[in-house]
Amino acid sequence: MSEFDPKTTALLDRLAPATAAGPEAWAYVVTRPEERRWCRLTRRRALVLALAVAALAAATAAGGVHGLVTRYFPGAAHEAPLDIRREFKQILSQSTIEGVREVTWLDQRAIRRVAHFSTPRGPYDFYVAPLTRPGSLCTLTVEGQTTVVDQWCNHPPAGRRYGVIALAQVEPGVWTVAGRTPAGAPIGSVTVRFEDDTETVAARGPGWFVYLVDPARLRPGHRPVGVDITRTDGTRLRRFDFFPGCIRQLPEDVHGVSTSCDGQP
Amino acid sequence: MTDALAIDPPAADATLEAIEGVYRSRGAAFLRVATAITGDAAAAHDSVQEGFALAIRHRSRYRGDGPLEAWIWRLVVNAARSTRRRRAPVPTADAGDHAGPAPADVTELRALVAKLPERQRLAVFLRYYADLDYAAIGTALGIRTGTVSATLAAGIRSLRRMAEEVEL
C-alpha cells in the first residue's frame, strides 16, 4: 500500500506479524456465551441481581444446581502456566501404564487451557494435555488457576490413533466428553450425539476435542450417547458410542473423584 | 481511494451464514488487528471470538446501512479495546502453537506505538493490517469518512517518525 513507506511497514509487521493461521474454529464462536456487562446498576437491575443471588443461594443450599460452562478457549493459544506444567509433570511422574512412566509421553508445551466453568464450589479452568503416545489424552481440572484438583488420563490400546472417547465427571455434576484425534487427520467437525436425537459441536484443537456437558443434558432421555467425527468434506470418519446409563450424579463427598464411561474405540 | 479492500456491499440482514462467511474469509485480518490492539496473541483470539459472538447475538440490531463486515469490525475493535483496558500489559507472543516470550524490542515498539492517540492508532491498524477503505474504517471507528483521511495521515506521519528513530 503506497501510503506506508518501508520503515513504517517494517515497524507494523514487527508489531503484529502476519500469520497463516486464522482464528479458531467457528464452533468456538457459536458456542461462546456473551460476556454481559452491567454498565449501570439501575434500580431494576439491582432488583434482578438481588433475586438472582437469592435464587442461586437457595439452589446451592439445596445442592441441586451447578454453574454452566462459561466459555471455551481457542486451542492454539492459552498455553498452561509454568506452575501447572510442573505440577502435572510431578503427578505423571508418579504413575505408570504397563510399566512405562506416563511422564515419558508428556509434552508440557502442548497443555492447553480449553474451558472455564463454575460450580457452587467456585470457578475452575479445564485443560487438555495431548500426550505424545498416539491416542493418549489427559485432562486437568484446575482451581484458582494454580492448583490441579483433578487429573484423568486415557490410553487406548497400542496402535490406535484415536483416543477412546470417554465421559468423565471432573466435579460433581460436571461431565466432559473428551478425546484424541490424529493431528493430521482431515477433520471438519466433531459432534456429540444425545439420547433425544439432537447433537452439538465439540470444541476442537490440534489433536483433541472436548465438550463440557450442559446440565440439561444430564437428565435421562437427553444424555450423550456418542460422538461422530466428520471429515472436511462432510463424510463420517469415525463413530463412537457410549453407555449413557453411567452418567449419574455422585454424592458431594466424592469431590475430586473422576468417573468415566468409555466409548467403543 | 486506493488499493484498499472493497468489502461487501450492505446486506439486507446479518444472517448467521453471512457472519460465518466474514469470519472464514477475513479471520486472519481480524486476528492481526486484534493482536496489534491488545498486544497479546491469546487476548487477540479472545477478542475476535468475543466480537463475533456479539455479532451473532445482536445480529437483529444490524440495520444494513453499511457493510456487514464494517459493523463486525466495530464490535471486534471494541472488544479488543476493552480487553486491553482490562489487562495489565503483557509481553506478546506470536500465534504459533508453541509460542515463546516476545523479544524485548517488540515490547518497546508496542510502548512506542501506544503513545499515538488511540483513534490514529486504530485507523492505521485497520488500514494496514485489514486493508479497509476509508468508509469502512469510519464505520468501524464510529467517525465520519471525511475525518478518516486526516486521522490516518496524522497517524502514518507519526509512525514514520517513530520508525526512523528505532532500529528495526
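In chain A, 4 strands form an open sheet in the order β11-β10-β14-β15, with antiparallel pairing. The edge strands are β11 (199–201) and β15 (236–241), each of which pairs on one side only. From one strand to the next the twist averages 20°. The model is predicted. Chain A has 4 helices and 16 strands, whereas chain B has 7 helices and 0 strands.

**The sheet of chain A and its loops**

- Strands of a sheet pair through backbone hydrogen bonds, in either the parallel or the antiparallel sense.
- Strand β10 (residues 187–194) of chain A pairs with β11(A) in the antiparallel sense, over 3 bridges.
- In this part of the sheet A:Val192 stands opposite A:Thr200, a residue of β11(A).
- The loop between β10 and β11 of chain A holds A:Asp197.
- Although A:Asp197 is not a glycine, it has a positive phi of about 70°.
- Most residues other than glycine have a negative phi.
- A:Asp197 has 7 other C-beta atoms within 10 Å and is therefore exposed, the limit for that class being 12 or fewer.
- A:Thr232 is found in the loop between β14 (224–231) and β15 of chain A.
- With 11 other C-beta atoms within 10 Å, A:Thr232 is exposed.
- Leaving aside neighbours within four places in sequence, A:Thr232 is in contact with A:Pro186 and A:Gly188.
- A:Thr232 and A:Ala185 are 47 residues apart in sequence, and their C-alpha atoms are 9.6 Å apart in space.

**Helix packing within chain B**

- Two packed helices are described by the angle between their axes and the distance between the axes.
- Helix α5 (residues 118–128) and helix α7 (residues 145–165), both of chain B, have axes that come within 8 Å and cross at roughly 90°.
- α5(B) and α7(B) are therefore roughly perpendicular to each other, a description that covers angles of 65 to 115 degrees.
- From α5(B), the contact is made by B:Arg119, B:Gln120, B:Arg121, B:Ala123, B:Val124 and B:Arg127.
- From α7(B), the contributors are B:Val148, B:Thr151, B:Leu152, B:Ala154, B:Gly155, B:Ile156, B:Ser158 and B:Leu159.
- By class, the contact of α5(B) with α7(B) has 7 nonpolar, 4 polar and 3 charged residues.
- The loop between α5 and α6 (134–141) of chain B contains B:Asp131.
- B:Asp131 has a positive phi of about 60° although it is not a glycine.
- B:Asp131 is partly exposed, with 17 other C-beta atoms within 10 Å.

**Helix packing between the chains**

- The axis of helix α1 (residues 6–15) of chain A comes within 8 Å of the axis of α7(B), and the two cross at roughly 85°.
- On the chain A side, the contact is made by A:Lys7, A:Thr8, A:Ala10 and A:Leu11 of α1(A).
- On the chain B side, α7(B) contributes B:Ile156, B:Leu159, B:Arg160, B:Met162, B:Ala163 and B:Glu164.
- The residues of the contact of α1(A) with α7(B) divide into 6 nonpolar, 1 polar and 3 charged.
- B:Ile156 and B:Leu159 take part in the contact with α1(A) and also in the contact with α5(B).

**Chain totals**

- Chain A has 265 residues, of which 36% count as buried.
- In chain A, residues 24 or more positions apart account for 61% of the contacts with a separation of 6 or more.
- Chain B has 168 residues, of which 45% count as buried.
- In chain B, residues 24 or more positions apart account for 73% of the contacts with a separation of 6 or more.
- From the N terminus on, the elements of chain B run α-α-α-α-α-α-α.

**Confidence in chain A**

- Chain A averages a pLDDT of 75, and 69% of the residues score at least 70.
- Over residues 59–68 of chain A the pLDDT is below 50, and this stretch has 14 contacts in the model beyond near neighbours in sequence.
- Residues 250–258 of chain A also have a pLDDT below 50, with 13 contacts in the model beyond near neighbours in sequence.
- Where pLDDT is low, the predicted coordinates should not be read in detail.

Note on methods:
Residues numbered from 1 in each chain as written. Chains lettered and ligands numbered in written order. Predicted model: local features only at pLDDT ≥ 70, side-chain atom pairs only at ≥ 80, totals over all residues. Axes fitted to C-alpha atoms, helices over the stretch in contact; angles between N-to-C directions. Parallel < 35°, antiparallel > 145°, perpendicular 65-115°, else oblique. Contact = placed C-beta atoms within 7 Å. Nonpolar A, V, L, I, M, F, W, Y, C, P; charged D, E, K, R; others polar. pLDDT = per-residue confidence, 0-100. Pairing = 2+ DSSP bridges. Buried ≥ 20, exposed ≤ 12 C-beta atoms within 10 Å, placed from the backbone.
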